[in-house]
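Please look over the sequence and the model shown here before reading on.

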Amino acid sequence: MSDLNKLTIAEARDALRNGDTTSVALTEACLAAIDSADALGAFVHKTPEIALDRAKAADARIAAGDAPDMCGIPVGIKDLFCTEGVPSQAASRILEGFKPEYESTVSGQLKDAGAVMLGKLNMDEFAMGSSNETSVYGNAVNPWKAGNGEDLLTPGGSSGGSASAVAADLCLAATGTDTGGSIRQPAAFTGIVGLKPTYGRCSRWGIVAFASSLDQAGPMTKTVRDAAIMGAAMMGHDPKDSTSADLAVPDFEAMLTGDIRGKVIGIPKEYRMDGMPEEIETLWHQGAEMLRDAGAEIRDISLPHTKYALPAYYVVAPAEASSNLARYDGVRFGHRAKLGHGDGITEMYEKTRAEGFGAEVQRRVMIGTYVLSAGFYDAYYNRARKVRALIKKDFEDVFAEGVDSILTPATPSAAFELGKEVSDPVEMYLNDVFTVTVNLAGLPGVAVPTGVDKQGLPLGLQLIGRPWEEGDLLNTAYTLENAAQFVAKPAKWW
């Protein structure tokens, strides 16, 4: 078999079971692809020795006949996940040299299932960003280019390295995390599938925290079926995470029937934004028609507090970030600034944090500290929490009226040029306009590639589901994927 790195998880699993290939061969194909793709900036810590060791062990398990679905599948791990003995920096200078002595629950579950870790993937620093331009490693780059243009495009953020690696066939799938759209937006920008599970479905233990009430890990894959396979391996109850739900994880792949007859799909009028490109409006309409043709009922709905979602998110998330990032002080691990004569502990904290954190992280820490300060706590933070509760209730009301899932655009545009929006942070924050509500309400959401714009760049649609009903959501996404027949791939230039 040639082009092994281009296989999906499902194809590779079947080929491994049938003896058509080996995990070592799959892994070597991915390692070769990674080594020739430095221009994409996707892999930032390569682990070929670990990968080949795990691949050999996976082949032995498969031969013994006791292998789970993910056994032998080469994947990339976002740099936010702590991986034992391997640098885990969250793309920040402040965690330089940090090699954890433990494994995050999610990466540990994948390891236990026999998945092969190829290395760590680029991301925005501490997951703060929508374009993967705040990383200490430099930019991750989208493998897609616009038309005949030469400009480098963003793969989205914060899971930009994960999206770029999957879209460029450097790995069969990757882990991502989603705090305000950081799985779904990059997936849409690169023409892949990104699943953000219900809050509490995936353990957050061992994942470097950004905003603890919003963060959720999920799979980034080439197809919806792959998202079902990998998602099930990543999810499950973890007593080490107090927010982890003690619920059984169903066989999501078995739920992919493609039958959505009688399902009700909501179309929220509040997601029709001024200035939204006509192509995205058209794609949204076409997506609704595809689901209607498959037997679903399309219903106009209202989520009235949507317009307050971005302001509420950019109060809650920085507040939690400033609290979570207080632990990086140069004392126990990571970077410590060099001190001058007469400097005390206060100067050490100040210099370490000034050197260790990039500009975007500093900005969000300052915003967060401000909204939590004594004089402004009620005016900002408490008010944002109340708005969050109203946004959650909007969804609950719609689901109570019989809506099964909600169809929206995934992003307000196709991938944009690197460097284009960094100068205006507010412009950058608007990239999350369709995704942050899902995090604020703790719901599952999935981005599905559904078409291309006039420059040939991928565009995605988002489906939002009921809490804990990822299986039903993925089945609707599977139906949309089958109808859209998105098969475009980026032309190799790297």
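## A helix and its buried side

Helix H11, residues 359-372, has 14 residues and reaches 20 Å from its first C-alpha to its last, close to the 20 Å expected at 1.5 Å a residue. Here the expected span is 1.5 Å times one less than the number of residues, and helices (H or I, at least four residues) and strands (E, at least two) are DSSP runs numbered from the N terminus. This is a predicted model, in which local features need pLDDT of at least 70 and side-chain atom pairs count only at pLDDT 80 or more, while totals for chains, interfaces and linings use all residues. Residues are numbered from 1 along each chain as its sequence is written, and side-chain values use heavy atoms, with hydrogens and water left out.

The buried residues of H11 are Glu360, Val361, Arg364, Val365, Gly368 and Val371, where buried means under 20% relative accessible area, exposed over 50%, and partly exposed in between (1.4 Å probe, protein chains only). They cover an arc of only 135° around the axis, which puts them on the same side of H11; the arc is that of the directions from the helix axis to the C-beta atoms. The face turned away from this buried side carries the exposed residues Ala359 and Met366. The buried residues of H11 pack against helices H9 (309-324), H10 (345-356), H12 (377-400) and H13 (425-429).

## Enclosed spaces

A cavity is a set of points, on a 1 Å grid over the protein atoms alone, where a 1.4 Å probe fits but cannot get out, and its lining residues have an atom within 4 Å of a point. Grid points are joined across faces, edges and corners, and a volume is the space filled by probe spheres set on the points. By this rule there are 2 cavities of 30 Å³ or more.

| Cavity | Volume | Lining residues by class |
|---|---|---|
| Largest | about 60 Å³ | 3 nonpolar, 7 polar, 2 charged |

For the second largest cavity, H4 gives the largest share of the lining, 3 residues.

## A buried loop residue

Glu253 lies in the loop between helix H7 (224-234) and strand E7 (264-268), and Glu253 is buried, with a relative accessible area of 14%.

Technical notes: Contact means heavy atoms within 4.5 Å. On a 1 Å grid over the protein atoms alone, a cavity is a set of points where a 1.4 Å probe fits but cannot get out, and a pocket is an open set with protein on both sides within 12 Å along at least five of seven lines; lining residues have an atom within 4 Å of a point. Ala, Val, Leu, Ile, Met, Phe, Trp, Tyr, Cys and Pro count as nonpolar, Asp, Glu, Lys and Arg as charged, and the others, Gly among them, as polar.
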